[in-house]
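Open the model in your viewer and keep the sequence panel beside it.

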Amino acid sequence: MTDDDIVWRLVREDALIGTITVDEAVFPWLRGRVAPEPAFQQVKPWFDEVHAIVETEEFERFDDAYDRIEDALTLLSPSGPVDEFLLHIHQDRAWFRWNDEPSD
């Protein structure tokens, strides 16, 4: 990526949770640096739990744990909200993919 790295925003209701500056794109994933806002501390345990589930390969627990993230948060691309997304945040890094149309 260049100096004009793409910035995505993560919000909960009207509160900015943090920004993700994309610095790597390997289809279908985007990866980037996370700049958390103070409100991120409220949802950080959700991301920590999902990360632990993936690391321990307890995939049967994934959907229930991830539903909180998907239900409560909105991911905003530079051009606006995306319909669906799969977002992982661990430490200061994020990786995600998205879909512009709901999959039903």
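**Stop 1: a charged network**

Select Arg61. This residue is partly exposed, with a relative accessible area of 35%. Here buried means under 20% relative accessible area, exposed means over 50%, and partly exposed lies in between (1.4 Å probe, protein chains only). The model is predicted: local features need pLDDT of at least 70 and side-chain atom pairs count only at pLDDT 80 or more, while totals for chains, interfaces and linings use all residues. Residues are numbered from 1 along each chain as its sequence is written, and side-chain values use heavy atoms, with hydrogens and water left out.

Arg61 and Glu58 form a salt bridge, and their closest N and O atoms are 3.0 Å apart. A salt bridge here is a side-chain nitrogen of Lys or Arg within 4 Å of a carboxyl oxygen of Asp or Glu. Glu58 is partly exposed, at a relative accessible area of 27%.

Helices (H or I, at least four residues) and strands (E, at least two) are DSSP runs, numbered from the N terminus. Arg68 counts as partly exposed at 33% relative accessibility. Glu49 is partly exposed too, with a relative accessible area of 28%.

Keep these four selected. Glu49, Glu58, Arg61 and Arg68 are linked in a network of salt bridges.

**Stop 2: between the helices**

Move to Glu57, in the loop between α1 and α2. Check the backbone. Phi of Glu57 is near 55°, a positive value in a residue other than glycine. Glu57 counts as exposed, at 58% relative accessibility.

**Stop 3: a negative patch**

Select Asp63, Asp64, Asp67, Glu70 and Asp71. These residues gather in a patch of negative charge on the surface. Patches are made of residues with over 30% relative accessible area and no salt bridge; like charges are joined within 9 Å, and nonpolar side chains (Val, Leu, Ile, Met, Phe, Trp, Tyr) within 5 Å. Lys and Arg count as positive and Asp and Glu as negative; His and the chain ends are not counted. The place of a charge is taken as NZ of Lys, CZ of Arg, CG of Asp or CD of Glu. Accessible areas come from the Shrake-Rupley method with a 1.4 Å probe, and for residues only the protein chains shown count as cover.

Pick out Asp71. Asp71 lies in helix α2 (residues 62–72). This residue is exposed, with a relative accessible area of 66%.

**Stop 4: the sheet**

Switch to cartoon. In what order do the 7 strands of the open sheet run? The order is β5-β4-β1-β2-β3-β7-β6, with antiparallel pairing. The edge strands are β5 (80–81) and β6 (84–90), and each pairs on one side only. Two strands pair if DSSP finds at least two bridges between them.

Start at β5. Strand β4 (residues 74–77) pairs with β5 in the antiparallel sense over 2 bridges. Select Leu76 and look across: Pro81 in β5 stands opposite.

β6 is mostly covered, with 5 of its 7 residues buried. β6 and strand β7 (residues 93–99) run antiparallel, joined by 7 bridges. Select Phe85; Trp98 in β7 stands opposite.

Follow the chain through the turn. β6 and β7 form a hairpin with 2 residues between them. Select Gln91, in the loop between β6 and β7. Phi of Gln91 is near 55°, positive in a residue other than glycine. Gln91 is exposed, with a relative accessible area of 67%.

**Stop 5: β2 and β3**

Select Arg33 and Asp23. Their side chains meet in a salt bridge (3.1 Å, N to O). Arg33 lies in strand β3 (residues 29–36) and Asp23 in strand β2 (residues 15–26), so the pair ties together parts that are 10 residues apart in sequence. Arg33 is partly exposed, with a relative accessible area of 40%. Asp23 is partly exposed at 23%.

End at Pro28, in the loop between β2 and β3. The peptide bond from Phe27 to Pro28 is cis, with omega near 5°.
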